Amino acid sequence: MDTALLDTLVEHHNNGDHAQNGWKPHVCNACIKHVKETCNVDITKDKIVGRIKTFDKHYEIISKMLAQSGFGWDSENNMVEVDSEEVWSRYVEANKDASSYRNKVVMNWQAIQTIYSPEHATGVGARTAAESVQEEETIVLEDSPDLPPKRQRTGEAILCMMGQMKTSFDDALKTTEPLPMPKVTPPTEILDALKKLQMENCDMLRAYGKLIVNERLFEALTTLPDELKKPWLLTLP
């Protein structure tokens, strides 16, 4: 169903039915008709809203990852590919919402990219589709300027508001600077620091196991005077 829905949205997007102020009203009916003809499924406007929110989430999380060094898109398996587990661990530590995308299959990524491309939703005050759903009612943007603006319920207007997606991308794409990665001290540096304290092997291994997984503990160790480092390590639970 998603493929049929996205095929229709991409077609109308390419036909110019998707402007900065949203989709033209007839696109909704075209989606309902095409999904019925292709999949024999009666899709409702509420269902379209739900799928839009899912596409929105996929684009926001995946495109953010792909903008970083060490990430790419595996078009054969339809998922994000990562250079190493270390790259993934560092990224997820700073971006918790991406944790479920390590081996997540996301179909139709190319179509989602086409529809959510920032250059097609860059107006000041633009909102994501999910944000638009929260409105009690919205103004239809296709009305004649000579007539008072009509209003319609959220479910009927949601496709018209899709072009107001991705406010955050408008600002985010102004810079190509990668997201800062959390500091990770090399294990060799931690081990060298412990060797200088002349600890028993069992005590050294116990301290090493704690410091290797907790960057803050190692930072605390390096700030202590030399004569206090060993006693402090031995007091750690």
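The model is predicted, so a few conditions apply: local features need pLDDT of at least 70, side-chain atom pairs count only at pLDDT 80 or more, and totals for chains, interfaces and linings use all residues. Residues are numbered from 1 along each chain as its sequence is written, and side-chain values use heavy atoms, with hydrogens and water left out.

I start with the overall content. The protein has twelve helices and six strands. Here helices (H or I, at least four residues) and strands (E, at least two) are DSSP runs, numbered from the N terminus. There are 237 residues, and 38% of them count as buried. Buried means under 20% relative accessible area, exposed means over 50%, and partly exposed is in between, with a 1.4 Å probe and protein chains only. Next, contacts, meaning heavy atoms within 4.5 Å. Among contacts between residues at least 6 apart in sequence, 62% join residues at least 24 apart.

Now the cores. In soluble globular proteins, nonpolar side chains tend to be buried together. A nonpolar core is a set of buried Ala, Val, Leu, Ile, Met, Phe, Trp, Tyr and Cys residues joined through side-chain atoms within 4.5 Å. Which residues touch the most other members of the largest nonpolar core? They are Leu-9, Met-65 and Ile-112, out of 32 residues in that core. Two or more residues each come from helix H1 (2-14), helix H2 (26-39), helix H3 (45-66), strand S4 (79-82), helix H4 (85-94) and helix H5 (109-116). H3 gives the largest share, seven residues. There is also a second, separate core of eleven residues, with Leu-197, Met-204, Leu-211 and Leu-233 among them.

Helix H9 (residues 187-195) and helix H10 (residues 201-211) have axes that come within 10 Å and cross at roughly 145°. Axes are lines fitted to C-alpha atoms, for helices over the stretch in contact, and angles run from 0 to 180 degrees between N-to-C directions. On the H9 side the contact residues are Pro-187, Ile-190, Leu-191, Leu-194 and Lys-195, and they meet Met-204, Ala-207, Tyr-208 and Leu-211 in H10. By class, this contact has eight nonpolar, no polar and one charged residues. For the classes, Ala, Val, Leu, Ile, Met, Phe, Trp, Tyr, Cys and Pro count as nonpolar, Asp, Glu, Lys and Arg as charged, and the others, Gly among them, as polar.

In the loop between H9 and H10 sits Gln-198. Gln-198 is not a glycine, yet it has a positive phi of about 55°. Most residues other than glycine have a negative phi. Is Gln-198 buried or exposed? Gln-198 is exposed, because its relative accessible area is 69%.

Asn-40 also has a positive phi, of about 60°, although it is not a glycine. Asn-40 is in the loop between H2 and H3, and it counts as exposed because its relative accessible area is 60%.

Another helix pair is H11 (residues 215-223) with H12 (residues 226-235): they pack at an angle of about 150°, with axes 8 Å apart. Leu-217, Ala-220, Leu-221 and Thr-222 in H11 meet Lys-229, Trp-232 and Leu-233 in H12. Those residues divide into five nonpolar, one polar and one charged.

Back to the other end of the chain, and helix H1. Asp-7 is found in H1 and is partly exposed, at 41% relative accessibility. Its C-alpha atom is 8.8 Å from that of Cys-31, 24 residues apart along the chain. The C-alpha atoms of Glu-11 and Ile-115 are separated by 9.8 Å, though the two residues are 104 apart along the chain.

Last, Gln-68. Gln-68 is in the loop between H3 and strand S3 (71-74), and it counts as buried because its relative accessibility is 11%. What does the side chain of Gln-68 reach? It reaches the backbone oxygen of Lys-64, at 3.5 Å.

Conventions:
Polar contact = N/O pair within 3.5 Å; in protein donor to acceptor, adjacent residues only side chain to side chain.
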